[in-house]
Amino acid sequence: MNILIIGSSTGGPRIIFDIFNGIPVLPLAIIIVQHMPESTTSRFAKRLSQLTTMNVIVPKGGEVIVHGSLYVAPGDHHLVLKNNETIILEKSEKVNFVRPSVDVTMTSLRSDPRHAFYGIILSGMGCDGAQGLAYMKKIGAQVFIQDPDTCTISSMPEAAFKATNIDQVLSPEAIHNFILSLK
Amino acid sequence: MDPISDPERSHPVSGLMVVDDDEDILFTVHSLFKKRPFPVLLAHSGQECLNYLEKGFKGVILMDIMMPGLDGWETIQEIVNRDLMHDLIISMFTAKDVPDTSLDHLKEYVFDYITKPFEPENLIALVNDYITMLE
């Protein structure tokens, strides 16, 4: 299973829409953790589904992730992957002031040489995702940040940059092309 | 009184609200969007924004930060406290481009951050995108 986790906050949605515009069905499972209220999640997912032919899903918990699908973490829930395959939604304490937290999702992965992991941190306030990306790097993932110069708010990717050895700093267009290359 | 800023008018299901104490900004943004197929409300303060929300406004909010009375962040906190955060996309709309880390607890309610001065074409495209998302 190939798994890509994207963490995003303020200023991230417009980049996500650009990144996924025209993305075809790809042989990987994508999880987007966007900081947003619960009431916005379905609308965000609907907009994404208009841009990509991947199967966009707002999970209810219990789903087994599959290639070709893009999962949007619902607002007010942490999204945890159990055994790298089953989505568990939790209403535990906020982490880094937010729920869903990027760190929670990324650190729920377990090292497994059968899987290829990728992590990307986009625009956002604060430092959510920094620990998560560092953890992903430690278990063998390729990790990336959005070029801070292209971010509306750059503190999240900058925090991730300080936390680990980033494989590449990418513009939104380069992130789009990187995702396309995963076919 | 400009009818679009009249608090007594009937309120739309979805539209654009600009919250700013600067009349020039309100005028400029209104000019940009007046021919769009969605209503535009102009709020001169955080309190006026809350009044519109209490009356049922849904849509995109461009929120200035530095305003007399409730500032932009305090207004968002009040939106959350009053459970008015439904069918809204809030973007900060400000000359201040680096948010204070003490405001991290409100970041999940802020979809975007648009700095002034702004490029009209970019603002129109962004607002149209978010309005589309809410439809």
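Predicted model: local features only at pLDDT ≥ 70, side-chain atom pairs only at ≥ 80, totals over all residues.

Reader: Where does F97(A) sit?
Author: Residues are numbered from 1 along each chain as its sequence is written, while chains are lettered from A and ligands numbered from 1 in the order in which they are written. Helices (DSSP runs of H or I, at least four residues) and strands (runs of E, at least two) are numbered from the N terminus. F97(A) belongs to the loop between strand 6 and helix 3 of chain A.

Reader: What is the phi of F97(A)?
Author: Most residues other than glycine have a negative phi. F97(A) is not glycine, yet its phi is positive, near 75°.

Reader: Is D83(B) buried or exposed?
Author: A residue is buried if 20 or more other C-beta atoms, placed from the backbone, lie within 10 Å of its own, exposed if 12 or fewer, and partly exposed in between. D83(B) has 7 other C-beta atoms within 10 Å, so D83(B) is exposed.

Reader: Which residue does a cis peptide bond join to R99(A)?
Author: Most peptide bonds are trans. Here the bond is cis, with omega about 15°, and the partner of R99(A) is P100(A).

Reader: What is omega for the cis peptide bond between K116(B) and P117(B)?
Author: P117(B) lies in the loop between strand 5 (112-115) and helix 4 (120-134) of chain B. For the cis bond joining K116(B) to P117(B), omega is about 0°.
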